[in-house]
Amino acid sequence: MPTQWMISDDLVDYDAALAAQEARAAAIAEHRADEAVWLLEHPPVYTAGTSADPADLVDPERFPVIHVGRGGQYTYHGPGQRVAYLMMDLRERGRDVRAYVEALEGWIIDTLDAFNVRGELRDGRVGVWVVRPDGSGEDKIAAIGVRIRRWVTYHGISLNVEPDLSHFSGIVPCGVREHGVTSLAALGRIASMEEVDMVLRDTFERRFGTTLTAAPPVPASVLDPA
């Protein structure tokens, strides 16, 4: 079946989004729902993955801090950042977690390429990186964090389109101190969220298969047919 493609136009509370993902993932595991990709933006929030170091939370009072079960360390989410949550059934996709993560990385790189931005991977560093135009260093433009339960994925990726980059200063993003963060806008690639979404859908379909437009999953009960 095509993967359901869902977009929320309004900011979505992080806890509500997590509950919705968990409900959908459980329904997929029980063969009661189809795979889904959910695109959204969150109000400003810091999330701590399973490897988060408390020392990397520089300003704990700045935004809410939520501890979650995904892999990784501290991450920021906020307006201007496109978050894509993927609830995918790896039982139907080879049960290969590494291949799945590599597909996510490739999806981001393909998307950046459409905006004439060269995304690159780095050994020992999660996410997708770009070299600064002046060659003085490199910055992270997209993050990846995945959790898998009963061979169904949730959490996903975040791509910095035009967020307030100063909001990242309250954490050490993903535990990496020697590099910064950037966005399409900071690189001079001005694109609306709608334009980014169209590219994300096109590049997703090349790697994961066809999609079908569906209503966004708010509240969580909408996700669970039971």
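Tutor: On a 1 Å grid over the protein atoms alone, a cavity is a set of points where a 1.4 Å probe fits but cannot get out, and lining residues have an atom within 4 Å of a point. This is a predicted model, in which local features need pLDDT of at least 70 and side-chain atom pairs count only at pLDDT 80 or more, while totals for chains, interfaces and linings use all residues. Residues are numbered from 1 along each chain as its sequence is written, and side-chain values use heavy atoms, without hydrogens and water.

Student: Which residues lie nearest the centre of the largest cavity?

Tutor: Thr-75, Lys-140, Ala-143, Asn-160 and Phe-168 do, from a lining of 14 residues. The volume of this cavity is about 100 Å³, taken as the space filled by probe spheres set on grid points joined across faces, edges and corners.

Student: Which element gives the largest share of the lining?

Tutor: β9 does, with four residues; β5 (74-77), β9 and β10 each supply at least two. Such strands are DSSP runs (E, at least two residues), numbered from the N terminus.

Student: How do the lining residues divide into nonpolar, polar and charged?

Tutor: Nine are nonpolar, four polar and one charged. Here Ala, Val, Leu, Ile, Met, Phe, Trp, Tyr, Cys and Pro count as nonpolar, Asp, Glu, Lys and Arg as charged, and the others, Gly among them, as polar.

Student: What does Leu-104 touch?

Tutor: Leaving aside residues up to four places away in sequence, Leu-104 touches Leu-86, Ile-144, Val-146, Ile-157 and Phe-208, contact being heavy atoms within 4.5 Å.

Definitions and conventions
On a 1 Å grid over the protein atoms alone, a cavity is a set of points where a 1.4 Å probe fits but cannot get out, and a pocket is an open set with protein on both sides within 12 Å along at least five of seven lines; lining residues have an atom within 4 Å of a point.
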